[in-house]
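Open your viewer and keep the selection panel handy. We will go from one stop to the next, with a note on what to look for at each.

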Amino acid sequence: MTILESPPVTAASKIFNFPRNAWYVAAWDHEVTAKQPLARTIAGRPLALWRNGDGRAVALADACWHRLAPLSKGKVLGDEIQCPYHGLRYNSAGRCTSMPAQETINPSATVPSYPVVERYRYVWVWVGDPDLADPSTVPDMHQMDSSDWAGDGETIYAPCNYQLILDNLMDLTHEEFVHSSSIGQDELSEAEFEVSHSERGVTVTRWMRDIDAPPFWLKNMRDKFPGFSGKVDRWQIIHFEAPSTICIDVGVAKAGTGAPEGDRSQGVNGYVMNTITPETARTSHYFWAFMRNYRLESQTITTQLRQGVHGVFGEDEDMLAAQQRAIDANPDHEFYSLNIDAGGMWVRRILDRMLQAEGLPSAAAAK
Amino acid sequence: MAVNTQTWWQQGRVVETSDLAEGVRRIVLAPDRPVHAVPGTHVDLRLDLDGHSRKRSYSVVRSDDGGRRLTLGVQLAPSSRGGSRHMHGLEPGDVVEMTGPVQSFPLGVGADRYVLVAGGIGVTALVAMADALRRRGADYTLVLAGRSRRVMAYLDELVEAHGDRVRVFVDDEDVRLDVGELVGEIAGSPAAARTEMYMCGPIRLMDAIRRAWAAHELPEPNLRFETFGSSGAWAAEDFVVHLPQLGRSVHVGKDTSMLDALEDAGVEVMWDCRKGECGICQVKVLDVNGRIDHRDVFLSQQQKETYASLCLCVARAARGESGSGSADPAAVTLHLP
Ligand SMILES: Cc1cc2nc3c(=O)[nH]c(=O)nc-3n(C[C@H](O)[C@H](O)[C@H](O)COP(=O)(O)OP(=O)(O)OC[C@H]3O[C@@H](n4cnc5c(N)ncnc54)[C@H](O)[C@@H]3O)c2cc1C
Ligand code: FES
Ligand code: FES
Ligand SMILES: [Fe+2]
């Protein structure tokens, strides 16, 4: 329980604003190289991402101090990046190190350099007040680089507001309708669920007991228990951590073997790792991975799971893009909530508070 | 670090004034479009001086309440054209025309060590940086140098806030800053190549540090500074500019710049920063009677010594030590582009 300092905003904003004082994933670690800068817009800031001579990832504003040419079209030269237009060079702090046509360097010549942390196979950047950038607040995604887990993922470029993706992941009853051929089943919308929340987190827990395993889970059970058939207990425990990371503990175990009580040895367990980075108010970089804690040695299973989830998330992507188009086509219509939206509404409440603390409105500026 | 060079104008109401030190006034402004001012930023004010609208810049010492209260510290300039005198006359309730925070002196992140060096009123540009470094838990040293304790703004407050991270040097107590020692100590430390220095102060102090920095082969980009654009090797005095191309001579009073004097005389010249940084206003020098007080940071030391060119926006001619008794004003002969 938190004591209210100011009344929460009532209606759900359709185009949700995003906090600036937060770590967002800018890229997978392998995408940022010392060979060539990567251009990517993170939370409204166009960035040039590259690695310096020590292999450290660097994020500079993607506009040269001189005439604003994009540095991402330039060259990485050891510890420096060179503007493609008139050859100014900058170090990883964003300070100009060379002005080819003169003997001194203008003391004002700098481009913004943003704090970067590499963790959990991702490059995280902080585009807000650099003095608040505390690496200990990078959301927990430890399954990504733990030796107890194996798996892989992809990036979806989603043409929708980031909050629509958070809504999608906080309520999985949509699986029954959107993902009917893989993970959907009737029991999803029938099962009870429980929501809890803290200052930075929301958890939604759902157990479905003694049910048939849907195709995706039947295959996974058979990877671990060859020839398995029969009923399962299925769980989905959705962990949200502000501002936009959702790790979903999912799995099934042979029915009645004690999984709900904590013994998951007769089951298979995965973590759907999702972290969503707003690009603009209407576009998002959606980084996901599927991690498992069984048959760690098998690349076949890693590849099959990545492809399987790729297919499932493709269905979400279509829905989210269509939803964003409908929102934009009906500017005078509001959002209404169902009981299943409780998790997503707590997420909005937490984001609202973060935005208020930064003096930002919860609705992003109109298009 | 956000470099924001976008300038937009707004109104600011003076909400508080007080004395910070002898000749230094504290002025708190409440802008009507508040934006938090990060360390290193300044605001430009448009002041009406003798019927001319003139721009003057002042560093933001503190930004409180998301930029709703911006504190400035203004020193009364000895031969002021009126900017600082006007500022000293402000009272609560007065309204000024001002920009939002402008950033041209951003504090970096990720250095192993930071050394901040303030000479005189230059301290205003460094107070917020020191606070930010303390909050970050960074390794930093704050060097404060001044003529006498009476005129050093923020001295007690900074000593209290930063304890033994502060080193104080006061001319009239004979505890003078030894630039060679300061820079030598940095160069000799294991963090040498990853130490950033931020300085703001009289041009002579900054020139000495720049020379020492180069002599120790410390990385040039790690030395950051802001010029307040109004100090030189000699006190400002009247001088004459000869322009043989135009067959004219223009008198430059001690209270105007060469650039202003030429423009007032109808001579068209090119400029951008007007504080000796960009070099756009550079012109060729054909002859000098006296010395050139360059006051810019665009030309290299060597270029300055050859007297081949100067930056119109800040350079002055002076008679120098030798000519101090002479009746004729100093003069420069220029070739305009
Ligand atoms: C980014 C920035 C931040 C600043 N921050 C502060 C601050 O926090 N506090 C503060 O007190 N001041 C600050 N200044 C200086 C301030 O803007 C004014 O220059 C100062 O107040 C003097 O203005 P004035 O009109 O009173 O005096 P001026 O008439 O400008 O005269 C002051 C002295 O400088 C000489 N001089 C002035 N202009 C020139 C010129 N163009 N060429 C040669 N000589 C010249 C004059 O002859 C005189 O000796 C800052 C300047 C800059 C650029
Ligand atoms: S625009 Fe980058 S050097 Fe000119
Ligand atoms: S106008 Fe920039 S140096 Fe003179
Ligand atoms: Fe889905």
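This is a predicted model: local features need pLDDT of at least 70, side-chain atom pairs count only at pLDDT 80 or more; totals for chains, interfaces and linings use all residues.

Residues are numbered from 1 along each chain as its sequence is written, chains are lettered from A and ligands numbered from 1 in the order in which they are written, and side-chain values use heavy atoms, with hydrogens and water left out.

**Stop 1: the domains of chain A**

Select residues 33-114 of chain A for domain 1, then 140-357 for domain 2; such bounds come from an automatic or database domain assignment. The C-alpha centres of these two domains of chain A are 38 Å apart. Now show where they meet: five residues of domain 1 of chain A are in contact with five of domain 2 of chain A, contact meaning heavy atoms within 4.5 Å. About 380 Å² is buried between the two, with carbon and sulfur atoms giving 59%. Buried area here is the accessible area (1.4 Å probe) that two parts lose on being put together, summed over both.

How many salt bridges cross between domain 1 of chain A and domain 2 of chain A? The rule finds zero, a salt bridge being a side-chain nitrogen of Lys or Arg within 4 Å of a carboxyl oxygen of Asp or Glu.

**Stop 2: the iron ion**

Stay with chain A and select ligand 4, the iron ion, together with A:His174, A:His179 and A:Asp316. Donors are N, O and S atoms within 2.8 Å of the metal (3.2 Å for Na, K and Ca); water is not among the atoms, so sites may look incomplete.

If you track the donor residues along the sequence, their spacing reads H-x4-H-x136-D. Try the angle tool next: the four donor atoms of the iron ion give angles of 58 to 147°, and the site is irregular. For four donors, tetrahedral requires all angles between 85 and 135 degrees; four count as square planar and six as octahedral if opposite donors are over 155 degrees apart and all others between 65 and 115, and anything else is irregular.

**Stop 3: where chain A meets chain B**

Colour the two chains separately and pick out the contact, with 19 residues from chain A and 26 from chain B. Together the chains bury about 2000 Å², 52% of it on carbon and sulfur atoms. One salt bridge is counted between chain A and chain B. To see a salt bridge here, select A:Asp131 and B:Arg136, whose side chains meet at 2.6 Å, N to O.

**Stop 4: the domains of chain B**

Finish by colouring chain B as domain 1 (9-103), domain 2 (113-225) and domain 3 (239-335). The C-alpha centres of domain 1 and domain 2 of chain B lie 24 Å apart. Those two domains contact each other through 13 residues of domain 1 of chain B and twelve of domain 2 of chain B. Between them they bury about 1200 Å², 60% of it on carbon and sulfur atoms.
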